[in-house]
Amino acid sequence: MIDDNPKNLKRSDVLVVYASKYGTTKRYAQWIAESLSTEAFDLKRFSIGLLQSCSTVIFGSSVHIGKIKNVNFIKKNWELLSDKQIIVFASTGNPKITTKDQAVLKASLPSSISQNIHYFPLPGAYDYHKLDFTDKFLMNFGPMRNLRIKALIRGDEKAKEQLAALHQAVDWTNKEAITPILTFN
Ligand SMILES: Cc1cc2nc3c(=O)[nH]c(=O)nc-3n(C[C@H](O)[C@H](O)[C@H](O)COP(=O)(O)O)c2cc1C
């Protein structure tokens, strides 16, 4: 159940900013913003003035090859962000991800910054056929490469199944996943 009136985040003070290539993170950012009766800003529309009147920043992005994308936003503006409450959420390709999985945060930012951030990884979505050229290339020469070798050369049945699964569209996004962010103290 979504708490439409979260007590722990003061909605007028919250700035929601997101970067989303395929729309998953945007969906989450909009759900969060709606629940807080505020607006979600695409990072492309971000201007430094938006940071002036907020005490909490919720920044959303996605996980890409083991790191949170666009964290440069945080690094570049850390001087202004460091005295605020910073919540980062990221869409992932893991349907079973939990907030205990903090490794990606640590891999994405220096510890001087990451230790001051509250990180919420969320189940995202993935559709191989909608990926752009670069992402298809990365998938083919990353996770799919070894599976293809196992499946095609060694005839490994499990690898064949995993390879087929990577060609399927999946969407694990769900509104309930944002509850820990809204009720975060
Ligand atoms: C090339 C590529 C690499 C990815 N790497 C990871 C990864 O390392 N870990 C992970 O959990 N998800 C990974 N993902 C899945 C994305 O995080 C997921 O698709 C996310 O929902 C995309 O967000 P967006 O729709 O806002 O762009 C990857 C996706 C692509 C296309």
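Which residues have the most contacts inside the largest nonpolar core? In this predicted model, the largest nonpolar core has 36 residues, and V16, I32, I58, V88, F89 and I181 have the most contacts inside it. Two or more residues of this core come from each of β1 (14–18), α1, β3, β5, α4 (103–108), β6 (117–123) and α9 (179–182). In soluble globular proteins, nonpolar side chains tend to be buried together. Leaving aside residues up to four places away in sequence, I181 touches I32, I58, I87, F89 and F120.

Strand β1 is mostly covered, with 5 of its 5 residues buried. In a regular strand the side chains alternate between the two faces of the sheet. On one side of β1 are V14, V16 and Y18, on the other L15 and V17, and all of them are buried, which leaves both faces covered. Strands β1 and β3 pair in the parallel sense over 5 bridges, and L15 stands opposite V57 in β3. Strand β2 (residues 40–42) also runs parallel to β1, to which it is joined by 3 bridges; here V17 has F41 as its bridge partner.

A40 is part of strand β2. This residue has 23 other C-beta atoms within 10 Å, and the cut-off for a buried residue is 20 or more, so A40 is buried. With residues up to four places away in sequence not counted, A40 touches V16, Y18, A29, Q30 and A33. A40 and A103 are 63 residues apart along the chain, and their C-alpha atoms are separated by 26 Å.

The domain assignment divides the protein chain into domain 1 (11–127 + 170–182) and domain 2 (128–166). The C-alpha centres of the two domains lie 29 Å apart. Both domain 1 and domain 2 give residues to the shell around the ligand, and the ligand therefore lies between them. There are 22 residues around the ligand, of which Y22, T24, T25, G93 and G124 come nearest. The elements that contribute two or more residues to this shell are α1 (24–35), β3 (56–64), β5 (85–92), β7 (125–126) and α6 (133–141). By class, the shell comprises 8 nonpolar, 12 polar and 2 charged residues.

Helix α8 (residues 157–166) contains A164. A164 is exposed, because 11 other C-beta atoms lie within 10 Å of its own and the limit for an exposed residue is 12 or fewer. Between A164 and T38, which are 126 residues apart in sequence, the C-alpha to C-alpha distance is 41 Å.

Backbone angles were also examined. Most residues other than glycine have a negative phi, and most peptide bonds are trans. I65, although not a glycine, has a positive phi of about 50°. I65 is placed in the loop between β3 and β4 (67–68), and is exposed, with 11 other C-beta atoms within 10 Å. N70 is likewise not a glycine and has a positive phi of about 65°. The position of N70 is in the loop between β4 and α2 (72–76). N70 is buried, as 21 other C-beta atoms lie within 10 Å.

Definitions and conventions:
Residues are numbered from 1 along each chain as its sequence is written. This is a predicted model: local features need pLDDT of at least 70, side-chain atom pairs count only at pLDDT 80 or more; totals for chains, interfaces and linings use all residues. A residue is near a molecule or strand if its C-beta atom, placed from the backbone, lies within 6 Å of it. Helices (H or I, at least four residues) and strands (E, at least two) are DSSP runs, numbered from the N terminus. Ala, Val, Leu, Ile, Met, Phe, Trp, Tyr, Cys and Pro count as nonpolar, Asp, Glu, Lys and Arg as charged, and the others, Gly among them, as polar. Domain bounds come from an automatic or database domain assignment. A nonpolar core is a set of buried Ala, Val, Leu, Ile, Met, Phe, Trp, Tyr and Cys residues joined through C-beta atoms within 7 Å. Two residues are in contact if their C-beta atoms, placed from the backbone, lie within 7 Å. Two strands pair if DSSP finds at least two bridges between them.
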